[in-house]
Amino acid sequence: MNDIHSHFLYGVDGGMQTEKETLAALKYLEEQGVQGIYLTPHVMEPFPENNSKSLKRHFDNLINGYAGNMDLRLAAEYMLDSSFDSHLEKPLAIADEHLLVETSYLNPPLNFHQTIQKIKQKGYRIILAHPERYLYMDKSDYRKLKADGFLFFQLNLLSPTEYYGRQVWENAEYLLNNDFYTFTGTDIHNLESHRQAFNIKSLTAKLTDRINVLIENNRQVFFN
Ligand SMILES: [Fe+2]
């Protein structure tokens, strides 16, 4: 697969912390057949040092020490919090045009819809990271978000397992069965927990087929 959501950029957020940890995890994923990865570190209030310039510097350091064959690229995962506007001038977008954004799991952001419109006016499309994890959203929220046609849903690959709990699993199944998702990503922070969860065989053949469509979309849209 090709991944569009991951926390491999070490030492900048709650993801991987050292070069050694990152290089070992990248090697493992290459052995599993992963071809390309967008590194999408968190940009949010708890990490005030993170901005386009500082993250590019960290990314260059990583690339200097990387000897593998995967296509590694830099973007970011933007939290829609009160720091977001300050990053909108020159954000790290996926393929220069898609902004990967997230919200709190428990509460909608203030001015959620105004912020979405602002991003749209700037000429970006939105990829909403893991909508299945936002416990404040219901089915009508999902439908409203998708109505505009420039906002896309990204499934976390481990959501259709117990990894994030039963409710997230059920939300992911609903969204998969009703064709809400366009893309998928690992959202990997730590290899060990992901490695165990990747081995859970809980998916039906039908859901596996639907996830394979998302994996193909990742490749066609961003890694072709
Ligand atoms: Fe993430």
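Modeller: Two residues are in contact if their C-beta atoms, placed from the backbone, lie within 7 Å. Among contacts in the chain between residues at least 6 apart in sequence, 75% join residues at least 24 apart. The model is predicted, and local features need pLDDT of at least 70, side-chain atom pairs count only at pLDDT 80 or more, and totals for chains, interfaces and linings use all residues. Residues are numbered from 1 along each chain as its sequence is written.

The secondary structure comes to eight helices and nine strands, where helices (H or I, at least four residues) and strands (E, at least two) are DSSP runs numbered from the N terminus. Six of the strands form an open sheet with parallel pairing, in the order 3-5-6-7-8-9; two strands pair if DSSP finds at least two bridges between them. The edges of this sheet are strand 3 (42–43) and strand 9 (181–185), each of which pairs on one side only. Strand 3 runs parallel to strand 5 (residues 77–79), to which two bridges join it, and His 42 stands opposite Glu 77 in strand 5.

A further open sheet, of three strands with parallel pairing, has the order 1-2-4. Strand 1 (2–3) and strand 4 (71–74) stand at its edges with a single partner strand each, so one side of each has no neighbour in the sheet. Strand 1 and strand 2 run parallel, joined by two bridges, and Asn 2 has Gly 36 in strand 2 as its bridge partner.

Leaving aside residues up to four places away in sequence, Leu 100 touches His 5, Thr 40, Ala 75, Ala 76, Glu 77, Tyr 78, Ile 94, Ile 127 and Ala 129.

By contrast in setting, Gln 32 lies in the loop between helix 1 (19–31) and strand 2 (36–39), and Gln 32 counts as exposed because it has 10 C-beta neighbours inside 10 Å.

Conventions
A residue is buried if 20 or more other C-beta atoms lie within 10 Å of its own, exposed if 12 or fewer, and partly exposed in between; C-beta atoms are placed from the backbone.
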